[in-house]
Number of protein chains: 2
Amino acid sequence: MDEIKVFVPATVSNVACGFDIMGFPIEDPGDIMIFRKREDKEIVITRIEGAVDIPKDPVRNVAGVVSRAMLEDQGMPFGLEIEMEKGIKPGSGIGSSGAGSAGAAWAVNQLLGNVYSDEELVSFAMLGEESISGARHADNVAPALLGGFVLIPGYDPLRLVRLQYPADLYCTIFHPQIEIRTRDAREILRKELPLQDAVRQWGNVAGLVAGLMQEDYGLISSSLEDVVAEPVRSLLIPSFDELKQQALAAGALGCSISGSGPAVFALSRGRETAGKVRKAMEKVYQDKEIGWKSYVSAIAEEGVKILS
Amino acid sequence: MDEIKVFVPATVSNVACGFDIMGFPIEDPGDIMIFRKREDKEIVITRIEGAVDIPKDPVRNVAGVVSRAMLEDQGMPFGLEIEMEKGIKPGSGIGSSGAGSAGAAWAVNQLLGNVYSDEELVSFAMLGEESISGARHADNVAPALLGGFVLIPGYDPLRLVRLQYPADLYCTIFHPQIEIRTRDAREILRKELPLQDAVRQWGNVAGLVAGLMQEDYGLISSSLEDVVAEPVRSLLIPSFDELKQQALAAGALGCSISGSGPAVFALSRGRETAGKVRKAMEKVYQDKEIGWKSYVSAIAEEGVKILS
């Protein structure tokens with residue numbers, strides 16, 4: 001195989017209470033990436049469409065960073081030419097850098113003849129995340145790679161768990177067109193948590209995992225609460241409180257910030273409710289100067305997909 | 001019904017990572033409690049066997065506190081005479097006050113004609129815990145009342161979830177005969193947690209819940225880690241590190257402090273391994289001046305049981 005073209009889904013990470021430890025991919029939007037072997041040892045990024053502010057310089061581009069680490073690990077058997085069509089806007093909170101990183105890890109592994117385990121691929125992909133946000137987190141790259149609802153119970157060593165979840169769970173994404181850099185969104189977080197908040201958070205984490213696995217919508221709903229990141233990060237998202245309130249009023253099980261925002265996600269039972277939630281959120285922004293994009297999607301069973 | 005005699009099991013709370021949000025009862029030891037209606041409105045504790053330092057004064061005794069709250073809630077239809085045979089040593093870390101509180105809640109509800117829900121019973125029982133430790137926690141009383149592996153995802157409102165768990169999971173308890181008061185053990189905890197530790201803890205919580213439900217012993221094992229309470233509380237338990245090390249070397253999936261200690265618990269796959277773990281822990285204390293008690297038990301499917 002000398003060339004591969006893949007689709008890499010956007011991902012919702014954190015999922016309210018699960019800061020840094022869980023996420024899932026959605027069906028749409030996503031990035032398309034092409035990786036083509038070069039006979040020399042160069043890694044070059046020849047084309048980036050759909051985003052103006054992503055560097056083509058491979059040492060500053062997550063796909064370049066991840067590709068280089070993998071090829072060097074294998075003794076640089078070949079170089080690479082990379083093309084990207086960004087469907088996921090950078091700084092959106094739905095895993096733009098995660099998609100670039102995960103897509104590179106998955107595709108380069110194919111070009112190498114499928115030599116790495118899932119854990120190794122996630123570890124390589126985290127190098128991309130680290131290069132851009134300063135934090136080694138897997139809650140976008142792991143679900144983008146594995147598909148489904150993915151748990152990362154521990155980072156040292158890296159552990160990955162695919163959770164069962166109800167087939168009828170749908171996600172609404174509402175993405176106000178402002179940009180929040182992951183690095184900035186991490187820096188405003190409190191570095192210390194009151195024990196009481198931490199207990200509340202891990203109670204919700206436990207409840208969400210049990211709720212998903214037991215298909216208990218009431219438990220999923222009551223567990224979709226974030227007392228750690230949302231109270232701080234929501235201040236960066238215009239009308240967050242109203243978006244959330246309207247989403248819940250329209251029937252969402254829960255609503256919080258996707259990743260580090262500004263995208264807001266809601267989970268609902270059934271596609272129809274998720275559609276109503278989308279409309280309710282759009283209404284909040286209808287008279288605002290700020291544009292938005294919105295999506296309704298199932299939790300994608302599959303992560304990175306081969307296109308050709 | 002004018003009189004009821006119940007067995008109330010000891011409980012392991014926290015279960016390493018799940019501080020304040022999970023616990024399970026064991027088969028042995030436990031308390032025996034007798035509740036007898038009185039025609040006047042008095043609550044009197046006439047007999048306490050097996051423990052010298054539990055007050056008979058009903059306003060300072062957890063069973064008295066819980067009984068009074070329930071009877072007052074019902075307009076004091078009768079008074080009570082209470083007898084207790086303590087099989088669970090106070091200050092042991094295996095839910096002595098929790099057993100007194102849960103036993104009272106369960107038995108008085110029976111004498112009242114079964115008028116309360118599980119959540120209401122747990123709430124009444126928490127009044128007993130609060131009276132003795134200053135903290136409204138349900139991770140002993142909920143498993144003592146409900147049986148099985150119980151999760152308390154949230155306290156406000158109180159939520160209770162019974163988790164599936166592998167039938168082959170056995171618990172070893174090693175109880176050094178020193179006393180640690182829950183109140184003191186709570187006071188030495190840090191009131192603030194580094195975000196990084198909190199993330200590690202809720203990753204483990206998520207992993208433990210998923211591991212129990214998926215019957216994944218590897219995941220259960222890797223998730224039985226406590227970076228919050230154990231590093232501090234273990235300092236109060238003589239040779240804790242060696243107990244833990246020997247338990248793991250003997251095949252335990254994990255080992256940590258039961259509740260606020262000094263009892264140490266280990267979980268193992270199979271009763272035979274749990275027995276080896278017990279022997280390994282006993283060996284650590286064989287030349288010490290400190291006495292101990294040890295137990296091997298399945299996770300008790302049932303909580304409070306009626307004896308007559």
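Predicted model: local features only at pLDDT ≥ 70, side-chain atom pairs only at ≥ 80, totals over all residues.
A rotation of 180° with 0.0 Å of shift along its axis superposes chain A on chain B, with an RMSD of 0.0 Å. Residues are numbered from 1 along each chain as its sequence is written, while chains are lettered from A and ligands numbered from 1 in the order in which they are written.

## Exercise 1

Solution. Step 1: start from the rotation of 180° and the shift of 0.0 Å.

Step 1: count the contact. Chain A gives 34 residues and chain B gives 34 residues. Residues are in contact if their C-beta atoms, placed from the backbone, lie within 7 Å.

Step 2: find the main contributor on chain A. H6(A) gives the most to the side that touches chain B, with 13 residues. Helices (H or I, at least four residues) and strands (E, at least two) are DSSP runs, numbered from the N terminus.

Step 3: sort the side of chain A that touches chain B by class. It has 21 nonpolar, eight polar and five charged residues. Ala, Val, Leu, Ile, Met, Phe, Trp, Tyr, Cys and Pro count as nonpolar; Asp, Glu, Lys and Arg as charged; the others, Gly among them, as polar.

## Exercise 2

Task: Describe how H6(A) packs on H6(B).

Solution. Step 1: take the axes. Those of H6(A) and H6 (residues 195-214) of chain B come within 9 Å and cross at roughly 25°. Axes are lines fitted to C-alpha atoms, for helices over the stretch in contact, and angles run from 0 to 180 degrees between N-to-C directions.

Step 1: name the arrangement. The angle makes H6(A) roughly parallel to H6(B). The classes are roughly parallel (under 35 degrees), roughly antiparallel (over 145), roughly perpendicular (65 to 115) and oblique (the rest).

Step 2: The crossing of H6(A) and H6(B) is right-handed. A crossing is left-handed if the near helix is turned anticlockwise from the far one by less than a right angle, and right-handed if clockwise.

Step 3: sort the residues. The contact of H6(A) with H6(B) has 14 nonpolar, two polar and no charged residues. Among them are Trp202(A) and Trp202(B).

## Exercise 3

Task: Classify two helix pairs within chain B: H9(B) with H10(B), and H1(B) with H3(B).

Solution. Step 1: H9 (residues 240-249) and H10 (residues 271-285) of chain B pack at about 150°, with axes 8 Å apart. That makes H9(B) roughly antiparallel to H10(B).

Step 1: the contact of H9(B) with H10(B) includes Leu243(B) and Val277(B). By class it has seven nonpolar, one polar and two charged residues.

Step 2: the axes of H1 (residues 62-73) and H3 (residues 118-133) of chain B come within 8 Å and cross at roughly 140°. H1(B) and H3(B) are therefore oblique to each other.

Step 3: the contact of H1(B) with H3(B) has nine nonpolar, two polar and no charged residues.

Notes
Contact = placed C-beta atoms within 7 Å. Least-squares fit on C-alpha atoms with pLDDT ≥ 70 in both.
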